[in-house]
Amino acid sequence: MKIRPLYDRVVIRRNEEEQTTAGGILLPGSAKEKPNQGEVVAVGDGKALDSGEVRPLAVKVGDTVVFGQYAGSNTIEVDGEELIIMGESEIYAVVE
């Protein structure tokens, strides 16, 4: 199945959760924090401005992005994979 977000929305695949700490301690599932980085899977056409023009998004498919811990509360499952849908404004940075 394919998914195409609308307007200034972005679909992100969250990076895998860390299994161990830097010191080598194995974390149980309940103690793990969800990572705040992910890969952009799909982007919308852009943000509609008041003038009627459409501003293209600053991110593109394949970018690795950083977002807030609680950003993208809308999750969906596509082909058995959990994806996050969030607005472009919820993305803090692109990792280069």
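Guide: What follows is a conversation about the terms and how they apply here.

Guide: This is a predicted model, in which local features need pLDDT of at least 70 and side-chain atom pairs count only at pLDDT 80 or more, while totals for chains, interfaces and linings use all residues. Residues are numbered from 1 along each chain as its sequence is written, and side-chain values use heavy atoms, with hydrogens and water left out.

Visitor: Why is Glu88 called buried?

Guide: Buried means under 20% relative accessible area, exposed over 50%, and partly exposed in between (1.4 Å probe, protein chains only). Glu88 has a relative accessible area of 12%, so Glu88 counts as buried.

Visitor: What makes Arg55 a salt-bridge partner of Glu88?

Guide: A salt bridge is a side-chain nitrogen of Lys or Arg within 4 Å of a carboxyl oxygen of Asp or Glu. The closest N and O atoms of Arg55 and Glu88 are 3.3 Å apart, so the pair meets the definition. Arg55 lies in strand β4 (residues 54-55) and Glu88 in the loop between β7 and β8 (91-95), so the pair ties together parts that are 33 residues apart in sequence. Strands (E, at least two residues) are DSSP runs, numbered from the N terminus. Arg55 has a relative accessibility of 33% and therefore counts as partly exposed.

Visitor: Which backbone atom lies 2.7 Å from a polar atom of the Glu88 side chain?

Guide: That atom is the backbone nitrogen of Ala58. A polar contact is a pair of N or O atoms within 3.5 Å; within protein, one must be able to donate a hydrogen and the other to accept it, and residues adjacent in sequence count only if both atoms are side-chain atoms. The side chains of Glu88 and Arg55 also make a polar contact, at 3.3 Å.

Visitor: How many salt bridges does a search of the whole structure find?

Guide: The search finds five. One of them joins the side chains of Glu81 and Arg13, at 2.5 Å from N to O. Glu81 lies in strand β7 and Arg13 in strand β1, so this pair ties together parts that are 68 residues apart in sequence. Glu81, at 30% relative accessibility, counts as partly exposed, and Arg13, at 28%, is also classed as partly exposed. Arg13, Glu39 and Glu81 are linked in a network of salt bridges.

Visitor: How do you know that Arg9 and Asp8 form a salt bridge?

Guide: Their side chains meet at 3.7 Å from N to O, which is within 4 Å, and therefore the pair qualifies. Arg9 is partly exposed at 40% relative accessibility, whereas Asp8 is buried at 15%.

Visitor: Which residues make up the largest nonpolar core?

Guide: A nonpolar core is a set of buried Ala, Val, Leu, Ile, Met, Phe, Trp, Tyr and Cys residues joined through side-chain atoms within 4.5 Å. Here the largest one has eleven residues: Val10, Ile12, Val40, Leu57, Val59, Val65, Phe67, Ala71, Ile84, Met86 and Ile91. Strands β1 (9-14), β5 (64-67) and β7 (81-87) each supply at least two residues of this core.

Visitor: What does Ile12 touch, leaving aside residues up to four places away in sequence?

Guide: Contact means heavy atoms within 4.5 Å. Among the residues that Ile12 touches are Val40, Val65, Phe67, Ile84, Met86 and Ile91.

Visitor: What makes β1 and β7 a pair of strands?

Guide: Two strands pair if DSSP finds at least two bridges between them. Four bridges join β1 to β7, so they meet this requirement, and they run antiparallel. In β7, Ile84 is the bridge partner of Ile12.

Visitor: How do you know that β6 pairs with β7?

Guide: Strand β6 (residues 74-78) and β7 are joined in the antiparallel sense over five bridges, and therefore they count as paired. Asn74 stands opposite Ile85 in β7. The two strands form a hairpin with two residues between them.
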